[in-house]
Amino acid sequence: MPRLSADARHRVAFVLNGRAVEGQAEPRMLLTDFLRHVLGMTGTHVGCEHGVCGACTVEIDGVPARACLMLAVQADGAILRTVEGLAPEPGRLSLLQQAFRRHHALQCGFCTPGILMSLDNYLRDNPDPREDDVRIFLTGHLCRCTGYVPIVAAALDAAARLREMKETQT
Amino acid sequence: MAAASGWLGRSIERVEDAALLTGRGRYIDDLGVLPGTLHAAILRSSHAHANIRAIETKAAAAAPGVAAVITGAEVSALSSPLVPVLRAPLEGWPIAVGRVRYVGEPIAVVVAADRYLAEDALDLIDVDYDPLPALVDPLAALEPGAPTLHDKLGSNVASDRSFRYGDPEAAFAAAPHRIAVDIRYPRNSCTPIETFGLVADYDAGEDAYDILANFMGPFSLHAVMARALKIPGNRLRLRTPPDAGGSFGVKQGLVPTMVLMAIAARVAGRPVKWIEDRLEHLVGSVSATNRVTRLAAAVDDDGRVRALDWDQVEDVGAHLRAPEPATLYRMHGNLTGAYDIRNVTVRNRVVLTNKTPSGLNRGFGGPQVYYALERLMQRIAGELRLDPLDVIRRNLIPADAFPYRTASGGLLDSGDYGRAIEKAIDEGGLAQLLAWRESARAEGRVCGVGLTAVVEPSVSNMGYIATVLTPEERRRAGPKNGAQATATIALDPGGAVTVHIASAPQGQGHRTVVAQIVADALGLTPADIRVIGELDTARDAWSIASGNYSSRFAPAVAGTVHLAALRLRARLAHSAAGKLNVPAEEIEFVGGKVRARGNPDNAMPFARLAASDHWSPGEASDGDHVLRETVFWTPPQLAAPNDADEINAQLCHAFIFDFCGVEIDRDTGAVRIDKYVTMHDCGRVLHPGMVAGQITGGLAHAIGAALYEEYAYAPDGAFLAGTFADYLLPTATEVPAPLILHTESPSPFTPLGAKGVGEGNCMSTPVCIANAVADALGAATLDLPLTPTKICTLISSREGAAP
Amino acid sequence: MKPARFDYVRAESLAEAHDVLAAEGGEVSVLAGGQSLLPLLSTRLARPRVVLDIMRIRGLDVISHESQAIRIGATVRQAKLAAWPDLAGGQPLLAAALPFIGHAQTRTRGTVCGSIAHADPSAEIPLVMLALEGAILLSSARGQRRVCAAEFFTGLMSTAREEDELIEAAIVPRRQPGHGYAFREFARRHGDFAIVACAAIADERGARLAIGGVADRPVAFDGLPLDEAALDEALDRIAGALDARDDLHASADYRRHLVRRLGRATIAEARQCRA
């Protein structure tokens with residue numbers, strides 16, 4: 001049974017955006033701080049550190065979750081995705097990201113990475129959502145700039161284009 | 001050819017977005033710092049009002065990783081208090097010096113190797129408090145014998161001024177009706193999702209400070225900070241990061257902490273970084289003011305308002321921090337809203353209470369004023385049994401009266417309010433909404449319709465705050481006026497174009513619009529233009545008016561960019577004239593080329609022309625080296641207040657007419673917004689997508705203010721809204737999609753005809769919703785936020801049942 | 001907002017977890033999904049010496065059928081339970097309550113038993129446990145015991161769990177034929193903790209109503225009449241007797257008012273579901 005002592009730093013290793021990464025963390029270090037300040041992955045943002053605002057949402061073992069509500073040491077061995085892993089390649093955006101840009105679904109962009117990670121996951125499981133369901137799903141995120149209207153529009157547009165793409169592929 | 005049709009006015013995709021969507025934004029906490037940079041944490045007061053007998057910091061100073069512990073003793077030794085706008089015996093330190101005056105006030109700063117260690121050390125500091133009685137009610141603070149916050153002031157009233165315009169006494173005497181409303185407007189804040197952050201450094205060799213912060217201005221506060229740090233302005237370098245996570249005015253509130261951390265860096269001898277956490281932000285950063293207003297109107301039988309009598313008690317919290325009491329005076333030229341009312345009296349009192357000091361916040365004085373004024377208009381209709389729409393129409397400033405000088409000195413630039421209202425009624429379906437209300441009521445449902453007309457001011461006059469001073473005090477202080485905006489366009493040796501702006505963008509997309517403007521002027525595409533949004537006071541062109549506030553980007557900054565681009569184009573045309581052998585007037589800039597009008601073959605690439613004075617300045621015509629153009633622009637309409645206390649506080653005045661329908665759940669008291677229509681005349685629209693974003697975003701803030709958000713305090717001054725589970729921001733299920741409508745009356749006072757649009761719905765929407773709720777419940781008096789508890793109490797008092 | 005220092009122990013078996021709790025019980029915070037514990041750690045409201053992570057204990061993330069009951073293991077996440085195909089048929093009240101817990105992004109990590117252990121007076125799962133007269137299976141180095149929900153929740157965020165004990169599973173009675181179930185909740189915003197939440201179970205004779213969000217713990221009332229006038233009278237009595245909280249989000253009077261309105265509506269829905 002591993003016991004990690006409070007005063008020492010310990011090796012934490014996981015798969016991040018398809019690549020093995022590792023770093024050192026005290027047991028108390030939050031996953032947000034580990035991602036941002038140990039690994040340098042600053043795309044994941046910190047807005048409240050008590051699990052309400054959703055800016056720090058990342059994908060952990062296939063589901064969206066708050067990185068601020070997790071210790072770095074808990075993530076040891078997990079598979080993580082962050083906003084840096086969304087685009088198919090540098091200089092190209094995913095369909096969801098493109099929809100956000102087209103609909104002006106971001107202004108300051110601070111809440112955006114969390115919302116993108118949530119929606120990317122959601123649209124995989126819910127390819128044809130109703131607007132009300134998208135809105136309820138988005139209640140897990142706070143945005144202070146947009147009033148949510150363009151975010152909802154972008155999500156629905158992205159869903160439609162993802163469906164279209166799937167149809168042409170099959 | 002895109003340039004021929006013009007980039008401006010189109011909703012092009014933003015240049016900012018590719019980075020922000022891929023996690024490559026560069027916000028304050030994403031930037032690298034110098035090796036050895038320390039991290040700060042702040043011990044904050046748990047008491048609303050107390051003398052500090054002693055602070056024991058020895059254990060904290062000896063804790064692992066701690067470099068320094070700073071208290072009021074160090075800060076008062078190394079700096080001066082932040083100077084207030086008023087000459088009053090108020091000591092505005094950025095940290096408690098001997099006394100705490102609000103819950104959340106800094107008491108000590110620990111700087112340590114990391115934030116975790118700094119917080120560990122905070123736990124080791126002991127503060128010996130001697131509690132004093134706390135004041136949270138601004139009216140109680142006025143009472144004789146009330147405990148005082150600042151003993152040298154002798155009371156809690158920092159300012160008490162009365163104003164008189166026209167002949168209000170005669171108007172009230174003559175009018176058949178005097179109708180009044182009593183309002184308590186609550187405290188709230190726009191709480192950007194990115195909190196405050198800064199990195200401060202001190203160079204002992206040059207006695208100079210360098211502060212990188214997600215501060216947004218106004219840069220008039222640079223002078224306040226330099227003075228507090230006891231250095232000339234050229235030894236205070238302020239820089240902003242490339243991206244910022246929203247502000248809505250709030251990040252003006254960084255000022256005291258910038259000074260505090262500058263001192264901490266000096267004491268520690270190392271750079272200090274501080275990233276505010278959310279609990280700090282809520283309890284102790286900054287807040288909009290709460291205000292108690294009694295507003296009375298002299299009214300004719302037909303609802304025509306002949307005079308207004310304002311009595312405003314503004315609660316700025318525990319310290320009067322510059323630019324306050326600006327919230328109270330921002331609207332001073334505009335106290336009659338969209339209406340032609342020639343007689344006004346005003347009494348403005350500024351009081352101190354044991355709450356977080358106030359500062360900029362989206363809407364900035366507008367929500368407080370329009371809540372009173374537009375509730376009053378509805379009450380007039382109610383008391384005189386008139387249609388609320390008729391009362392609004394009857395009082396509007398007529399279309400042929402623009403530019404219209406208000407009773408208190410505001411100069412409303414342009415508009416056709418009546419036409420905007422008729423268009424909104426028609427296209428927004430007011431008749432259908434009223435029919436819905438009637439049929440719903442017939443079914444026993446609780447429904448209401450609210451209306452409001454609002455004039456949205458933008459581009460602050462640097463002189464308006466001086467209205468709080470008497471004419472005599474103003475003469476002694478020297479004139480303050482204008483609103484300098486600035487833009488710089490530079491050409492590099494490859495002929496590429498870079499624009500520098502001092503508007504400290506916080507997410508609004510300034511860089512995109514600037515690229516559109518310059519592309520249009522120079523016959524290029526926005527992709528050809530690089531726009532730099534970060535500001536460095538040591539290198540960039542800036543003025544005290546620089547920054548991101550009073551919705552000044554579209555009217556002032558974008559306009560100044562346009563002027564700079566035209567001036568640069570004229571100089572380039574002059575240069576091209578020699579090279580193409582045609583008169584400068586015949587040079588045109590199209591599709592990346594510079595050519596002779598009428599002879600497109602006589603042309604050269606823009607880049608070649610733009611680069612030429614780098615490579616061959618010896619051939620520059622008239623010795624004008626066309627490398628860079630900087631324009632400072634200020635509108636002449638922004639004069640200082642005159643001896644009659646008339647002030648044109650803002651340059652532009654957009655018009656908004658809103659209406660909405662709400663339904664109230666009789667069981668729970670929950671308010672549902674069924675329909676929201678918002679008509680805007682913000683002059684020329686530069687980017688429709690961004691304008692829509694400002695409107696829906698402002699609407700969301702306003703729905704929060706109307707229904708959910710309050711910086712609430714217990715009677716003993718304890719802060720009750722300390723987490724995001726207590727301070728409730730609207731989410732996607734609380735904000736409906738509004739119907740947005742436009743008319744366009746370009747401003748004659750701005751280079752592009754644009755007016756500000758960012759704050760209007762924060763002014764119009766809270767009262768529009770309140771008017772609808774009042775209509776639904778038949779309530780005369782109601783204060784925000786309209787919580788279910790309040791609504792149910794109103795329902796039960798109406799229906800005569802116990803709640 | 002950074003946690004104070006603690007040792008982190010990752011138990012790989014129940015026995016290991018029991019050992020840690022036996023040795024250091026009062027100093028240990030049990031970490032499951034972390035959705036309630038992490039904010040307490042980050043605000044330093046909780047300062048355990050040891051954080052005991054139980055999420056990698058094998059065999060605890062299982063939902064299974066017991067006789068007349070559903071057994072939900074200690075590490076079963078709320079989202080997993082919500083997606084369990086037998087849920088709506090097995091216990092409709094639980095299925096109705098789950099979507100009200102926090103947000104989709106927290107239910108992916110939050111556990112059912114963690115919510116029970118946290119015992120927030122406004123939380124949905126403790127309310128449902130009480131309404132259904134479920135049981136909490138506690139285990140320690142000393143052995144196992146079952147505590148019924150009515151005895152488990154002892155006050156504001158306090159429970160009958162001893163310091164050396166771990167919640168091993170929640171035992172939720174299956175739906176009974178002839179019973180109707182309903183759950184209703186009012187919160188300021190979607191996903192907020194309830195101001196008032198009601199869970200009702202009705203049969204042909206009467207109803208059981210459990211109420212959350214009002215007092216310091218969920219409370220339940222049996223034998224409510226189905227006759228409307230008599231029910232209103234009973235709800236008036238219940239509302240008047242409740243020791244209702246008064247806070248920023250709602251006054252005590254308002255909470256009592258909601259108990260009457262929401263209670264009546266929930267019982268009516270439960271009756272309808274039965275039919």
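1. Salt bridges between chains B and C. In this predicted model, the interface of chain B and chain C holds five salt bridges, a salt bridge being a side-chain nitrogen of Lys or Arg within 4 Å of a carboxyl oxygen of Asp or Glu. One salt bridge joins the side chains of R44(C) and D120(B), at 2.8 Å from N to O.

2. Basis of the values. The model is predicted, so local features need pLDDT of at least 70 and side-chain atom pairs count only at pLDDT 80 or more, whereas totals for chains, interfaces and linings use all residues. Residues are numbered from 1 along each chain as its sequence is written, chains are lettered from A and ligands numbered from 1 in the order in which they are written, and side-chain values use heavy atoms, with hydrogens and water left out.

3. Extent of the B–C interface. Chain B contributes 31 residues and chain C 22 residues to the contact, where contact means heavy atoms within 4.5 Å. The two chains, B and C, bury about 2,300 Å² between them, with 56% of it on carbon and sulfur atoms; buried area is the accessible area (1.4 Å probe) that two parts lose on being put together, summed over both.

4. Polar contacts and elements at the B–C interface. There are 16 residue pairs in polar contact between chain B and chain C, both residues at pLDDT 80 or more. A polar contact is a pair of N or O atoms within 3.5 Å; within protein, one must be able to donate a hydrogen and the other to accept it, and residues adjacent in sequence count only if both atoms are side-chain atoms. On the side of chain B that touches chain C, α5, α10, α20 and α22 (788-799) of chain B each supply at least two residues, and the largest share, five residues, comes from α5(B). Helices (H or I, at least four residues) and strands (E, at least two) are DSSP runs, numbered from the N terminus.

5. Extent of the B–A interface. Here the contact takes 46 residues from chain A and 57 residues from chain B. The area buried between chain B and chain A is about 4,000 Å², and carbon and sulfur atoms give 59% of that area. In chain B, the residues that lose the most area to chain A are L21(B), Y116(B) and I193(B), together 20% of what that side buries.

6. Polar pairs and elements at the B–A interface. Five salt bridges are counted between chain B and chain A. One of the salt bridges pairs the side chains of R144(A) and E709(B), at 2.9 Å from N to O. Between chain B and chain A, 23 residue pairs are in polar contact, both residues at pLDDT 80 or more. Of chain B, α2 (17-21), α5 (115-122), α10 (278-284) and α20 (688-708) each supply at least two residues of the side that touches chain A, and α20(B) gives the largest share, seven residues.

7. Over all chains, the count comes to 96 salt bridges. Among them, the side chains of D7(A) and R5(C) meet at 3.7 Å, N to O. D7(A) lies in the loop between β1 (3-4) and β2 (10-16) of chain A, and R5(C) in the segment before β1 (7-10) of chain C, so the pair joins two chains.
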